[in-house]
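User: I would like a close look at a single part of this protein. Please keep it brisk.

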Amino acid sequence: MAGSHENLIVYFNGEFVPWEEARVHVFTPAVKYGAGVFEGICAYMSDQGMNVFRLQEHLARLEYSQRVMRFERIISAEEITQPLIDVVRRNDFKETVHIRPTVYVDGVGESSALGPIGVSVTAVSRPRPKIATEGCRVQVSSWQRLSDLSMPTRVKAHANYNNSRFAATQAKTDGYNTALMLNAKGHVSEGPGMCFFMVRDGKVVTPSITSSILESITRDTVLELCQSELGLEAVERDVDRSELFAAEEAFFCGTAWEITPITNIDGFSVRDGTPGSITRSLQSSYFDLVEGRTDDKRGWLTPV
Ligand code: PMP
């Protein structure tokens with residue numbers, strides 16, 4: 001059952017089909033081995049209509065992911081842009097939308113199959129969750145973040161999300177909202193689907209791109225907003241676990257997580273357990289930007 005999604009239209013291998021018809025066989029390498037890559041992209045309503053945020057950067061990462069997976073056919077940004085916009089248009093959304101282009105290995109091959117390639121784009125409504133305002137409680141996971149020696153975390157591959165899943169399900173079972181993973185060097189890496197930031201001595205700090213993270217587009221946006229909108233120094237470096245308990249503020253960022261305050265880590269309150277002022281300022285700059293209330297001077301909004 002597709003639940004509330006059942007009336008939606010999906011782009012599926014060259015056609016626009018009802019939700020229920022966008023199906024793959026259980027014997028595809030996509031199902032058997034997680035042989036697929038995807039993107040998560042948001043479109044926001046503004047006074048002038050709906051805009052997709054940083055579409056070209058997401059589609060460039062989708063191309064990169066496919067190349068690293070050695071897919072026999074690469075779905076280019078050019079090829080997928082119009083179908084993606086059409087999916088959003090056809091579903092006539094009234095609020096924030098989460099768009100997921102997926103490129104996967106279809107057919108009946110083994111785990112090393114490079115094709116045939118299937119492609120889809122789904123779009124579903126995504127109201128902002130309560131934790132965006134209230135903040136979240138985080139468990140430092142005993143599951144280690146994948147290392148580039150075993151699976152490339154820069155590639156947004158389905159199979160990578162089993163690593164995320166172990167960390168997230170453990171955290172939820174143990175009564176937290178989500179997890180924060182350490183990498184093979186013991187430094188802070190990222191959450192199951194989002195990147196980590198903290199504030200120390202008034203400076204904004206985030207793990208560097210060589211910390212086994214996905215090279216997050218929202219992280220890049222946050223670094224830009226720190227400098228251009230808030231005039232704050234932002235540092236990309238290794239972050240130790242024990243620094244988490246010295247942080248004045250902490251937050252997660254990602255397309256779906258936007259900017260979500262972290263109020264507690266492993267039972268230690270961050271600050272007084274409420275979101276801090278830098279987190280709040282960044283959050284409102286981010287919302288103003290994606291929802292089209294500030295000038296799009298960087299060309300990051302694509303009208304639907
Ligand atoms: N890390 C992981 C593992 C993710 O799945 C995501 C979500 N795409 C992020 C970080 C944040 O990346 P982005 O800002 O590009 O959405």
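This is a predicted model: local features need pLDDT of at least 70, side-chain atom pairs count only at pLDDT 80 or more; totals for chains, interfaces and linings use all residues.

In which sense do strand 13 and strand 14 pair, and over how many bridges?

Analyst: Strand 13 (residues 249-254) and strand 14 pair in the antiparallel sense, over 4 bridges.

Now strand 14 itself. This strand covers residues 258-265 and is mostly covered: 8 of its 8 residues are buried. Buried here means under 20% relative accessible area.

Next comes strand 15 (residues 268-269), which pairs with strand 14 in the antiparallel sense over 2 bridges. Ile265 is bridged to Phe268 of strand 15. These two strands also form a hairpin, this time with 2 residues between the strands. Asp266 in this hairpin takes a positive phi near 55°.

Strand 1 (residues 9-12) and strand 2 (residues 15-18) pair in the antiparallel sense over 4 bridges. Ile9 has Pro18 of strand 2 as its bridge partner. This hairpin has 2 residues between its strands, and Asn13 in the turn shows a positive phi of about 45°.

For a helical site, take Glu57. This residue sits in helix 2 (residues 55-68). Its relative accessible area is 28%, so Glu57 counts as partly exposed. Beyond its neighbours within four places in sequence, Glu57 is in contact with Ile217 and Trp300. The C-alpha atoms of Glu57 and Ala77 lie 9.2 Å apart, with 20 residues separating the pair along the chain.

Now the whole protein. There are 7 helices and 16 strands. The radius of gyration is 19 Å, close to the 19 Å that the globule rule gives for 304 residues, so the protein is as compact as a globular protein of that length. Its C-alpha atoms fill a box of roughly 50 × 45 × 35 Å along the principal axes. Of the 304 residues, 52% count as buried. Among contacts between residues at least 6 apart in sequence, 69% join residues at least 24 apart.

Last, the surface and charge. The accessible surface comes to about 13,700 Å², and 49% of it belongs to carbon and sulfur atoms. There are 31 positive and 39 negative side chains, with the centres of the two sets 3 Å apart.

Key: Residues are numbered from 1 along each chain as its sequence is written. Side-chain values use heavy atoms; hydrogens and water are left out. The radius of gyration is taken over C-alpha atoms; the globule rule is 2.2 Å times the number of residues to the power 0.38. Buried means under 20% relative accessible area, exposed over 50%, partly exposed in between (1.4 Å probe, protein chains only). Contact means heavy atoms within 4.5 Å. Accessible areas come from the Shrake-Rupley method with a 1.4 Å probe; for residues, only the protein chains shown count as cover. Lys and Arg count as positive and Asp and Glu as negative; His and the chain ends are not counted. The place of a charge is taken as NZ of Lys, CZ of Arg, CG of Asp or CD of Glu. Two strands pair if DSSP finds at least two bridges between them.
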